[in-house]
Amino acid sequence: MRHNSVGGSKVSQSPPVLGLGFLGMGTVGCGAARILLSHHDVIAHRIRCGLKIVQVAVRNPNKERAVSLPKAIYTTDPFAVVNNPAVDIVVEVMGGLEPAYQCLMTAIQLGKSVVTANKELLAKKGSALLDAARERGADVFFEGSVAGGIPIITALKQSLAGEKIHRIVGILNGTTNFILTRMARDHQGFAETLREAQEKGFAEADPSDDVEGRDAAYKLAIISAIAFGFRIAVDRIHREGITNIELADVRYAEELGYSIKLIASARKHNGQLELRVHPALVPKTHPLASVSDNYNAVLVEGENVGRLMFYGQGAGGAPTGNSVVADIMDAARNIVYGSRARIVCTCRPNPKIRPIDEVESRFCMRMDVLDRPGVLAKIASVFAHHNVSISSVVQRESHGDTAEIVWITHPAPYASVKKALAEISDLDVVSRVRPALWVEPD
Ligand code: NDP
Ligand code: HSE
């Protein structure tokens with residue numbers, strides 16, 4: 001921390017200036033840097049100190065960027081940024097596990113404050129980073145890591161600090177929501193829409209993280225840990241992606257009064273935590289059904305507050321940049337006022353996780369069957385054998401001697417539905433069975 005000294009007088013010292021070191025200057029880095037540069041004065045006034053980007057690590061210093069910074073501050077060595085004595089706050093927006101983890105651990109050990117938007121890192125290595133930060137009395141802020149521009153971390157950590165949260169359900173991935181929206185609205189194909197999401201800067205460096213549901217699972221692990229007070233191992237979250245979703249699934253869902261969304265859900269059930277990420281049919285009347293494009297939403301249910309809904313852009317440089325800047329300002333305030341590490345991680349280890357096979361839900365299943373008398377009864381008897389009760393069945397158009405059937409069940413355990421489907425797909429009258437889709441309650 002330096003003071004912008006005016007005439008060297010101790011009495012007339014001007015506000016301090018804190019040095020920011022950026023690891024990465026891509027979509028999110030540029031989003032944050034643009035806000036820092038364009039709102040410089042108002043930010044300085046609000047936090048009673050100046051902020052200056054003193055060094056930036058990137059892979060290619062010669063690349064053209066969406067923000068104009070002096071060429072001399074770029075380096076290809078992230079550790080040079082972390083170890084730079086002029087850097088007070090390290091802002092990690094490069095993604096991936098390494099070197100991000102070692103860089104942030106080093107920064108914390110040096111007593112520097114850390115801001116990151118890296119959900120993979122937090123979900124996989126957050127415990128070690130937060131333990132080190134608590135021991136060192138350093139701050140780690142990560143608002144940008146979940147739901148882009150939505151301030152859900154601060155809301156859970158601070159505004160809902162005294163609340164007993166029962167359930168969180170949300171749309172936590174902008175890329176998949178963008179793809180599913182385009183499929184439903186414009187009947188655009190999966191691959192084409194994914195390319196568009198990548199061009200807009202919504203997708204992860206490896207977009208399979210988005211479409212396979214890993215990104216949403218990382219985010220669910222982060223917010224569930226805060227909401228329920230337990231460290232969540234991300235591999236304990238049941239996860240299905242959207243790569244199996246076809247235009248026909250989206251079209252049928254629309255016709256039946258549903259939108260297909262990639263849902264992330266965490267809830268308490270008899271002392272256990274139920275954690276899942278999967279595509280689901282969401283009734284059109286549900287508040288999540290109308291969340292479209294790169295928007296995210298998080299519905300929180302608490303004992304006293306009832307239902308709260310957070311809505312906003314979940315991906316993109318500007319909205320996420322806003323969250324990163326707010327974190328930088330929090331970190332700076334804590335340095336200026338000597339109040340670092342006020343809010344530390346208090347999560348306990350080893351939560352009891354409810355086995356996914358026991359979770360009950362309604363399910364929707366689409367299958368191609370022989371268009372012959374008695375076929376529906378044969379399939380219905382398999383469902384009945386597994387105690388799966390059918391709520392509705394719709395026969396779609398026939399192609400030759402094949403008919404397409406869509407079944408929606410009453411609530412049934414996931415295991416029973418899977419067993420019934422496996423048996424049905426072995427029937428000689430059934431030519432193709434699509435994976436079961438979860439159906440969200442109203
Ligand atoms: P980008 O790929 O756009 O930017 C990554 C930046 O990091 C680039 O500037 C790149 O350099 C630099 N970089 C990567 N690896 C290294 C390395 N080993 N050494 C030095 N520099 C490196 O990613 P995003 O901005 O999209 O994402 C950054 C992080 O924010 C990720 O953790 C992501 O999950 C998260 N996030 C992204 C959101 C989004 O909407 N995009 C929203 C919320 C969070 P160069 O430019 O030279 O290649
Ligand atoms: N790839 C992520 C998404 C970026 O699409 O939601 C925001 O975390």
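Is cysteine 30 buried or exposed? In this predicted model, cysteine 30 is buried, with a relative accessible area of 6%.

The cysteines were then examined for pairing. A search of the whole structure finds zero disulfides. A disulfide requires two cysteine sulfur atoms within 2.5 Å. For cysteine 30, the closest cysteine sulfur belongs to cysteine 103. The two sulfurs lie 18 Å apart, so they are too far from each other for a bond. For cysteine 347, the closest cysteine sulfur is that of cysteine 345. Here the separation is 4.0 Å, which is also too far for a bond.

Helix H5 (119–136) gives at least two residues, as do strand S7 (140–141), helix H6 (152–159), helix H10 (214–228) and helix H12 (317–336). The largest share comes from H5, which supplies eight residues. Both domain 1 (6–148 + 317–336) and domain 2 (162–313) take part in the lining of the second largest pocket. Each of these domains provides at least three residues.

Note on methods
Residues are numbered from 1 along each chain as its sequence is written. Chains are lettered from A and ligands numbered from 1 in the order in which they are written. This is a predicted model: local features need pLDDT of at least 70, side-chain atom pairs count only at pLDDT 80 or more; totals for chains, interfaces and linings use all residues. Side-chain values use heavy atoms; hydrogens and water are left out. Helices (H or I, at least four residues) and strands (E, at least two) are DSSP runs, numbered from the N terminus. Domain bounds come from an automatic or database domain assignment. Buried means under 20% relative accessible area, exposed over 50%, partly exposed in between (1.4 Å probe, protein chains only).
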